[in-house]
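Please read it with the structure open.

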Amino acid sequence: MKRRHFIAATGAGLAATAVAAPAVAQSAPEIKWRMTSSFPKSLDTIYGGAENVAKQVAEMTDNKFQIQVFAAGEIVPGLQAADAVTNGSVESCHTCSYYYVGKDPTFAIGTSIPFGLNSRMMNAWLAQGGGDALFNEFYKKYNFHAIQAGSTGAQMGGWFRKEIKTPADLNGLKMRIAGITGQVLQKLGVVPQQLAGGDIYPALERGTIDGAEWVGPYDDEKLGFNKVAPFYYYPGWWEGGPAVHVYINLEKWNSLPKAYQAALNNACANATILMQGKYDLQNPQALRRLVAAGTQLRPFPQEVMEVCYNAANELYAEISAKNPDFKKIYDAMVATRNDQYLWWQVAEFTYDAFMIRQRARR
């Protein structure tokens with residue numbers, strides 16, 4: 001009797017497995033997406049963020065979910081990547097939110113704004129402090145869902161043909177500058193130019209622009225800016241901790257199986273860590289090479305920093321008064337910044353200051 005029960009149970013189990021198999025297969029469909037980047041392939045760290053996402057997604061789904069990455073210009077120009085996602089020309093893109101401030105200044109906060117958050121604060125706010133939810137509610141208007149997939153760390157202040165000694169030196173200066181920072185600098189007489197990364201060098205070389213910022217020593221060295229502009233300034237007060245994002249067409253995102261959504265979320269998180277880690281490792285070495293080759297490293301004068309800080313806060317007040325989306329997200333970011341600097345002042349700053357003094361004594 002027991003034997004008959006065992007055989008019956010075993011048979012039922014095998015039958016259940018046979019029935020379940022097609023359902024499992026159906027839950028893991030083969031999906032192929034395209035992801036257009038806002039960056040050229042030569043910038044292996046920031047462009048490489050998209051490649052890391054695609055590689056991780058394929059590995060986590062046994063190659064059933066494949067994403068093909070295209071460099072800026074291969075499908076659409078780098079600064080039109082978000083538009084291609086909105087209209088469904090591609091399923092996804094890898095880009096910086098602040099490239100699209102022409103649509104709405106709220107986009108600027110999604111990457112970085114002058115005197116905003118550093119990279120650790122930005123990562124914490126997006127992932128743990130409600131930032132992601134605020135942005136994705138806003139991004140619904142543009143038909144996409146966003147996931148952070150990169151962080152550069154604090155950036156440099158850019159390359160200039162002439163020294164910046166006082167605020168007066170900014171008046172009339174033509175500068176490649178991304179995002180809302182151009183509007184801040186306009187208050188000080190700068191003529192902002194928004195150019196994709198691959199277009200900066202020829203503009204500097206021809207004198208079409210007088211200065212330009214990109215990321216930091218590792219990428220800037222690759223693009224050769226030191227050959228056409230001798231003065232390299234720091235810090236990039238407009239980019240204390242820029243976030244890079246993957247934008248996904250909303251219909252495509254909602255139609256993904258939950259397992260694939262999880263794979264994409266985790267791949268993007270991994271890409272964020274890898275990108276900043278590579279920049280942190282490579283930037284010091286590149287900076288040494290640049291200085292050895294004749295680059296003149298300069299800090300922005302305190303007076304310049306002060307007038308820029310005041311101009312930024314003036315602009316934020318103006319935008320907040322007429323743009324409720326901007327005000328909502330900006331206020332949330334400021335609350336996070338205030339809390340974070342309270343903590344950093346107690347622990348991080350104290351530790352860093354001590355270590356800097358020790359290094360100076362050697």
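This is a predicted model: local features need pLDDT of at least 70, side-chain atom pairs count only at pLDDT 80 or more; totals for chains, interfaces and linings use all residues.

1. Residues are numbered from 1 along each chain as its sequence is written, and side-chain values use heavy atoms, leaving out hydrogens and water.

2. Helix α2 covers residues 44–60; helices (H or I, at least four residues) and strands (E, at least two) are DSSP runs numbered from the N terminus. From first C-alpha to last, α2 reaches 23 Å, close to the 24 Å expected at 1.5 Å a residue. The expected span is 1.5 Å times one less than the number of residues.

3. A kink of about 30° in α2 is centred on Ala-50. The bend at a residue is the angle between axes fitted to the seven residues ending there and the seven starting there. Ala-50 is also one of the buried residues of α2, which include Val-53 and Val-57. Buried means under 20% relative accessible area, exposed over 50%, and partly exposed in between (1.4 Å probe, protein chains only).

4. The largest pocket has a volume of about 1,300 Å³. Its lining has 34 residues, and among those closest to its centre are Gly-153 and Asp-352. A pocket, on a 1 Å grid over the protein atoms alone, is an open set of points where a 1.4 Å probe fits, with protein on both sides within 12 Å along at least five of seven lines; lining residues have an atom within 4 Å of a point. A volume is the space filled by probe spheres set on the points, which are joined across faces, edges and corners.

5. About 210 Å³ of space lies in the second largest pocket. Its lining has 13 residues, and α11 gives the largest share, 5 residues.

6. The structure holds 15 salt bridges, each a side-chain nitrogen of Lys or Arg within 4 Å of a carboxyl oxygen of Asp or Glu. Lys-187 forms one with Glu-314, with the closest N and O atoms 2.8 Å apart. Lys-187 lies in the loop between α7 and β7 and Glu-314 in helix α12, so the pair ties together parts that are 127 residues apart in sequence.

7. Lys-187 also meets Glu-318 in a salt bridge (3.1 Å, N to O). Glu-318 is in helix α12, 131 residues from Lys-187. Glu-318 is partly exposed at 36%, as is Lys-187 at 34%.
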